[in-house]
Amino acid sequence: MTNFYTSTRNNNLVSSFSNAVLQGISEHGGLFVPKTLNESKIDLNALLNLSYQEMALVILSIFADDFSQEELKKCINLAYTSTFDTDEVVKVNPLNNASLLELYHGPTSAFKDVALQILPLFMLTSKKIQNNTNDFFILTATSGDTGKAALEGFKNHIGIKVICLYPNQLVSQMQEKQMLSTNGNNTYTYAVKGNFDDCQRMVKEVFNDIKFNNICKESHIQLSSANSINIGRLCPQIVYYFYSYIQLVKNKTIEMNDTINFVVPTGNFGNILAGYYAKLLGLPINKLICASNQNNVLTDFINKGIYNRNREFHKTISPSMDILVSSNVERFLFECSDHDSNRVNKLMFDLQTTGIYELNKTELEKVRKDFIAYSSNDDSTKKAIKKILKDCNRIIDTHTAVAIDCYQQYLSDTNDQTHTVILSTASCFKFAPDVVNALIEDSHHSEEEAIKFIQNYSSEKLPKPLEELLSLPTIFPKIIKQDDLRNIITERMKK
């Protein structure tokens, strides 16, 4: 079926996958969403003997509606062959009475690699399908991990330039070094005076500036995104939910068709939304447990039905989740309002003008059917890191620790014995000083000292790309103001 997509803000609009990927965001600021997923169910038994790549082909065939099987297979094989440090792409390992889904085995040691290794290939294939000869500017706002994954995925692709924005002094040292050291001839990185929400707002404002977009088009330039507002970024994440479930069946942790829980540390709601889409496709999920840090806007939204961004912004030791405006919630609003784009427009207008909106009773019941949410402050996150080292002899990153602390809160509240998968979203080495500080109170280790400590006190292996960064000299960022993005794009159009 082609024209599988519509828009959260105009459910009369129809789009193919290739068009949605190239546009990134739909007209009037809406996000592209599947018109329905309930008609497309995955046969779990048919996945039992498939590799990750073969499973990806089955699942992504539902979403890439106008790609041929050969085109899709080529994208998958190029993205997931010899680009990760494991042939499986992701790993599932036991952790106490739960399982840990390791999503950080890609070239930038974060879960974003799973999607951002394939998104550039989706875009290049989409250009051919759409007979689109424009050059593309990929605008990316990042709270830390998306930036490097996007830069790495898109670097040196002809006809594509990448502009990456991150909040100045609000990412880890390793994350910043990763972004600033990218050696692509088409990649540009800027630190913004502000937080992630400011970076994300800058990107959305440019997308919604019709006059500026027309100026770009006159120069045969088209703007798109590598953030999870792009449906091509979101769909590949659905695969690892199915893959982890099948691995649990194969190793006899669960029986086929048993329900399981997933705990997802998330700030922009994309990673957990992929789990929700997996459930719509037939994956037997009991609860999706949303884990937030002290910036707990999602916790209040899921548990109370009130989204309120009017709160203090906290700089935490889990910086990739330091977000107050979670873009992908809009896609979920489209689902829980029964695809009522007028309702979504009203809620988004309220958020833009007042900073707050509230679900009605029916909508909140739909949220609570699938989701539950908890939050963890820095102290509790540190305790979780220390406890996992003591109990399991493993060192985890700060975001995974948020998920583990939230899972413990969930168990204490519910005593739910359903087998649970905890998504581990980044290598502990990306946040080494904060990780070591959790293990040794008042630690003041440098990044290199902290990395050596982790290597000496655990079996964790330092990924080669991160090891190579340690020898690089300090690189200072280009810092820009929040109204500079149009000028930067205009400058890059001339070069």
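Which backbone oxygen lies 2.7 Å from a polar atom of the side chain of Asn-186? It is the backbone oxygen of Ile-160.

Before I continue, a word on the basis. This is a predicted model, in which local features need pLDDT of at least 70 and side-chain atom pairs count only at pLDDT 80 or more, while totals for chains, interfaces and linings use all residues. Residues are numbered from 1 along each chain as its sequence is written, and side-chain values use heavy atoms, with hydrogens and water left out.

Asn-186 sits in the loop between helix H7 (173–180) and strand E8 (187–192); helices (H or I, at least four residues) and strands (E, at least two) are DSSP runs, numbered from the N terminus. Its side chain also reaches the backbone oxygen of His-157, at 3.4 Å. Asn-186 is buried, at a relative accessible area of 4%, where buried means under 20% with a 1.4 Å probe and protein chains only. Neighbours within four places in sequence aside, Asn-186 is in contact (heavy atoms within 4.5 Å) with Phe-154, Lys-155, Asn-156, His-157, Ile-160, Lys-161 and Val-162.

I turn now to a helix pair. The axes of H2 (residues 52–63) and H10 (residues 231–250) come within 9 Å and cross at roughly 130 degrees; axes are lines fitted to C-alpha atoms over the stretch in contact, and angles run from 0 to 180 degrees between N-to-C directions. That makes H2 oblique to H10, oblique being whatever is left after under 35 degrees (roughly parallel), over 145 (roughly antiparallel) and 65 to 115 (roughly perpendicular). Residues making the contact include Met-55 and Phe-63 of H2 and Val-239 and Tyr-243 of H10.

Technical notes. Buried < 20%, exposed > 50% of the residue type's maximum accessible area, 1.4 Å probe, protein only. Polar contact = N/O pair within 3.5 Å; in protein donor to acceptor, adjacent residues only side chain to side chain.
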